[in-house]
Amino acid sequence: MRVYLHWDDEEKKYIGIYQFQNNGLCRYKILNTPKSKRLSGFSSIMFDLLFAINAVNESIGMKEFETTNRQIDIQTIQKSLLFSMIVSYAKCFTRAEGRGIKLESKDALIYADENLKKFHREVMEMRHNYIAHGGTTAHESTPITAILSPVLENKQLLSVEINGLNLVNDDSRLGAYLTLFQAVYSYVKEKVDLLRKQVEEEALIHGIESLYVNSKLPKIEEAVVTTSRLG
């Protein structure tokens, strides 16, 4: 089925609509049950995790790209990818108003070993104290040092210097990021698959005719073709 994007003015949100073979655009009806809202929340989390996984894979690819493309600012791209994947991952564990659901690490990492759980805590700390709020952490610090002459017979202050660390990439641990993100994604994907089946069964509990009541038929002139992932 060909996918289009349609603005539902009543709901004030974009809706994915579909063309079924050559029979025109499909009708749609937004489901607003507790289970469908839960499915929506977990699906949004799943897309964030997919983005984080893709960002890790792009970062891995950048390591090879760096050796052959010296004119491109690789460090800026690497830092952007690192920040993006950490923010997207951590977002899944923080409360979002529209999403209405968040992951709990004790559930999402129930089968993970202690090393992976420890790494999860470190990633969350990076998000909270370094990326989001600019705290001084092991990943970013700028101590000011007085540089003194090594000649003890002529002691003097040579300069005041700004030192420290500003995390640009985390190449040595890209494998750990990928393992962590994929582990949480697998947990969420199971939730999404189960909820999707339950929502489909729930939608048909009163028969197919009940679904067509108050369903909407979008106008083809108001729909645009999209390559965005809609689930």
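Author: First, a term: helices (H or I, at least four residues) and strands (E, at least two) are DSSP runs, numbered from the N terminus. This is a predicted model, where local features need pLDDT of at least 70, side-chain atom pairs count only at pLDDT 80 or more, and totals for chains, interfaces and linings use all residues. Residues are numbered from 1 along each chain as its sequence is written, and side-chain values use heavy atoms, with hydrogens and water left out.

Reader: Which elements each supply at least two residues of the nonpolar patch?
Author: β4 (144-148) and β5 (157-162) do. The largest share, three residues, is from β5.

Reader: Which residues make that surface patch?
Author: I144, L148, L157, V160 and I162 make it, and it covers about 560 Å². Patch residues have over 30% relative accessible area and no salt bridge; like charges are joined within 9 Å, nonpolar side chains (Val, Leu, Ile, Met, Phe, Trp, Tyr) within 5 Å. A salt bridge is a side-chain nitrogen of Lys or Arg within 4 Å of a carboxyl oxygen of Asp or Glu. Areas come from the Shrake-Rupley method with a 1.4 Å probe; for residues, only the protein chains shown count as cover.

Reader: Is I162 buried or exposed?
Author: I162 sits in strand β5. I162 is exposed because its relative accessible area is 68%. Buried means under 20%, exposed over 50%, partly exposed in between (1.4 Å probe, protein chains only).

Reader: New topic. How much space lies in the largest pocket?
Author: About 2100 Å³. Its lining has 42 residues, and G16, Y18, K29, I30 and L31 are the closest to its centre. A pocket is an open set of points on a 1 Å grid over the protein atoms alone, where a 1.4 Å probe fits, with protein on both sides within 12 Å along at least five of seven lines; lining residues have an atom within 4 Å of a point. Points are joined across faces, edges and corners, and the volume is the space filled by probe spheres set on them.

Reader: Which element gives the most to the lining of the largest pocket?
Author: α1, with nine residues.

Reader: And E190, where is that?
Author: In helix α5. E190 counts as exposed because its relative accessibility is 60%. The C-alpha atoms of E190 and F42 are separated by 10.0 Å, though they are 148 residues apart along the chain.
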